[in-house]
Amino acid sequence: MLHPVTLAHYLVVGAVLFSCGVLCMVLKRNALGVLMGVELALNGANINWVALSSPALRADPAWSLGLDGQLMALFVIVLAAGEAAVALAIALNYYRLYLSVDVDQASQLKG
């Protein structure tokens, strides 16, 4: 009756999170919604990195990414934090100037 959680379960959850993030990036007009979509997509990728690096989830425990998967996930988390800080600073500056964070109205930013 109880089935163990396998690698496929983690990969499906990661793929669903990544897909939701991509849909959020495509469909949202608000800059903050797009940023949330980016974070969802990155977290979906992180779940896959960590799941692939776990030898307990593998059918063949000798084949795994080892700590490389966790290190990649940690690198992605640090990168996402920096991206969020810069993007929020840009969004706040844009809102202060134009009183909107609508992505479609950001054509004034073209250089």
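Q: Which pattern does the protein follow when read along the sequence?
A: In this predicted model, the protein has three helices and zero strands. Read along the sequence, these elements give the pattern α-α-α.

Q: What share of the 111 residues in the protein is buried?
A: A residue counts as buried when its relative accessible area is under 20%. Among the 111 residues of the protein, the buried ones make up 20%.

Q: How are helix 2 and helix 3 oriented to each other, roughly parallel or roughly antiparallel?
A: The axes of helix 2, residues 31-53, and helix 3, residues 68-98, come within 8 Å and cross at roughly 170°. Angles over 145 degrees count as roughly antiparallel. The orientation of helix 2 and helix 3 is therefore roughly antiparallel.

Q: How many nonpolar residues does the contact of helix 2 with helix 3 have?
A: On the side of helix 2, the residues that meet helix 3 include L35, V38, L42 and W49, while those of helix 3 include M72, V76, I77 and L88. Sorted by class, the contact of helix 2 with helix 3 has four polar and two charged residues, and its nonpolar residues number 14.

Q: Is S53 buried or exposed?
A: S53 is found in helix 2, where it is one of the residues that meet helix 3. A polar atom of its side chain lies 2.9 Å from the backbone oxygen of V50. Because the relative accessibility of S53 is 2%, this residue counts as buried.

Q: What is the C-alpha to C-alpha distance between L32 and V103?
A: L32 has its place in helix 2 and, at 40% relative accessibility, counts as partly exposed. In sequence, L32 and V103 are 71 residues apart. In space, the distance between them, C-alpha to C-alpha, is 9.4 Å.

Conventions:
Residues numbered from 1 in each chain as written. Predicted model: local features only at pLDDT ≥ 70, side-chain atom pairs only at ≥ 80, totals over all residues. Heavy atoms only, no water. Axes fitted to C-alpha atoms, helices over the stretch in contact; angles between N-to-C directions. Helix = DSSP H or I, 4+ residues; strand = E, 2+ residues; numbered from the N terminus. Parallel < 35°, antiparallel > 145°, perpendicular 65-115°, else oblique. Contact = heavy atoms within 4.5 Å. Nonpolar A, V, L, I, M, F, W, Y, C, P; charged D, E, K, R; others polar. Buried < 20%, exposed > 50% of the residue type's maximum accessible area, 1.4 Å probe, protein only. Polar contact = N/O pair within 3.5 Å; in protein donor to acceptor, adjacent residues only side chain to side chain.
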